[in-house]
Amino acid sequence: MTSAAFIGCGLINILSIPHVIAAPGLTIEERLNQLELRLQNAESRATIAEQKNEQLQAQIEHSEQQAQQAQKTTQDLEKRTKHIEKVTPDDNGYFELHGYARSGMMTTQNARHAQGGPYLTPAGQTGGAVGRLGNEPDTYVEVYLEKKQRLDNGATTRFMTMIADQQKSYNDWTADSSTLNVSQVFAEIASLPSFTGIFKDTTLWAGKRVDRDNFEIPWLDSKFIALNGTGGGIYDIKWSDDIHSNFSFIGRSFGDVDIVNNDVQNYILTANNYVGPVQLYVSGMKAKDNDERQTPNGIKVFNAADQGYTTLLGYKTDSFYGLSKGESRSAISWGQGLGAEVKNIGTDPALLSDAKTLRLASYGIVNLAKDWDFAPSVLAQHSSDRYVKNDDYRWITLNGRLMQNITENFVLGYEASWQYMDLDPNGYLDYQKVHGNFYKLTFAPTFRADNISPFFSRPELRFFATWMNWDKSLDNYSPHDTLGEKDFTAGGEWSFGIQMETFF
């Protein structure tokens, strides 16, 4: 409607209202002025209404554009999903390649080979790990090759083999020092249509493998439980929605800690149960001929263990010990006899039948503030009558790793470790009674491709500087121990290096 038409209509309306025209006390000019004012106000309101209408029309057009864009995104996603479905392994079977690797060099401030490793202290002999960061002068690689298949009846199969190697040589050709090993070779069948009830979703396996569902403290390179061997088992027997069990029976040959008959085998029966966030683990083992073991000097070991057991109570949660968002894992374990090696289950033939061990392990992850993440951990153990009567090994490690996110691709890593040990071998292999403290501090500027998670983004390329020191008494534990070696004694040691770490 034009302004003239609007004014015309206004005049007609006003002239049709007698009391407006006949308003007392007003001249014709005053009445016309009032009428003009009213017309101006009406025109102003019409202009505002037109502007609002234009804004509304623009919003509608913008919403339509967003809807079209959302529809296009959905269509693109559907196309990508269809593409993924086409390239995703189908029922004819497929291969997967997974792996883990780390490789780096370390040197001292004097350009000499630096000593290192998570178990370099005297407590390391019984599993006393210290922090990993800036403390690994080795190359370690493990490669997993998997073949999976789904059959027409719905059953699935899986074959996996793992090849691993570890060494400390920095050379490119290292065949002479290689420890190349086929550490896993096993097959699984699952989703069997004839299995029903509690066995409906179970997985059967046989071969040589690392047992599933046992977690570790990554910053210490220490597993809560490591069960490795050759045998078979069944996973995921579901007693209810929140309760399931894994059972296995494996055998393994003992190592060369002492002179043993190569035919000596340790057979281990394990039940690993999960009740919601709680883990209940128990292993019983028997090595019939281990009581024939001799020392390297040819002396028969009396009271050598030929059986034992290990138990563990674990708890995991998706919070930082119930205090804030994050995660935490904790476990307490106990073992006796052959089971007194509570970490690497069934691997130590030198244990006495009276050997007993109590172990505590825990770690957590928490976001302290924007761009600051923290992962503390504790590992402690007490073992007695382990290798000779009345020996006693006590140690505790406190470790913390702090990550400062500078950018998406660059972080600063900090790690501090303290370990106290009180070790009394009671003459075993000429080890000396010692007690004292070990300290380690590491600073590690780190590059990564993406900030996927504060502690598990890989691959990472790190530069690092590490300072270690320990009480002088620890140098006397053994002439064959790392501490106390030439140019690696108490008083403070610096090492520098570069490392890559990746897994996929």
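This is a predicted model: local features need pLDDT of at least 70, side-chain atom pairs count only at pLDDT 80 or more; totals for chains, interfaces and linings use all residues.
Local features require pLDDT of at least 70 and side-chain atom pairs pLDDT 80 or more, whereas totals for chains, interfaces and linings use all residues. Residues are numbered from 1 along each chain as its sequence is written, and side-chain values use heavy atoms, without hydrogens and water.

S245 lies in strand β9, residues 243-253. Strands are DSSP runs of E with at least two residues, and helices are runs of H or I with at least four; both are numbered from the N terminus. The relative accessible area of S245 is 2%. S245 therefore counts as buried (under 20%; exposed is over 50%, partly exposed in between; 1.4 Å probe, protein chains only). The side chain of S245 forms a polar contact of 2.6 Å with the side chain of N273. Such a contact is a pair of N or O atoms within 3.5 Å; within protein, one must be able to donate a hydrogen and the other to accept it, and residues adjacent in sequence count only if both atoms are side-chain atoms. Beyond four places in sequence, S245 is in contact (heavy atoms within 4.5 Å) with I234, Y235, D236, I237, W239, N272 and N273. I234 is 11 residues from S245 in sequence, with a C-alpha to C-alpha distance of 8.5 Å.

I198 also touches D236, I237 and W239, along with K238, when residues up to four places away are not counted. I198 sits in the loop between β4 (181-190) and β5 (203-210). Its relative accessibility is 29%, so I198 is partly exposed. I198 and K238 are 40 residues apart along the chain, yet their C-alpha atoms are separated by 4.9 Å.

T357 belongs to strand β14. T357 is buried, because its relative accessible area is 0%. Contacts of T357 beyond four places in sequence include S333, W334, G335, V342, Q381, H382 and S383.

W334 is also part of a nonpolar surface patch of about 640 Å², together with V275, L280, Y309, L313, I332, L358 and L360. At least two patch residues come from each of β12 (307-319), β13 (325-337) and β14 (356-369). Y309 is placed in β12 and is partly exposed at 34% relative accessible area.

Patches are made of residues with over 30% relative accessible area and no salt bridge; like charges are joined within 9 Å, nonpolar side chains (Val, Leu, Ile, Met, Phe, Trp, Tyr) within 5 Å. A salt bridge places a side-chain nitrogen of Lys or Arg within 4 Å of a carboxyl oxygen of Asp or Glu. Accessible areas come from the Shrake-Rupley method with a 1.4 Å probe; for residues, only the protein chains shown count as cover.
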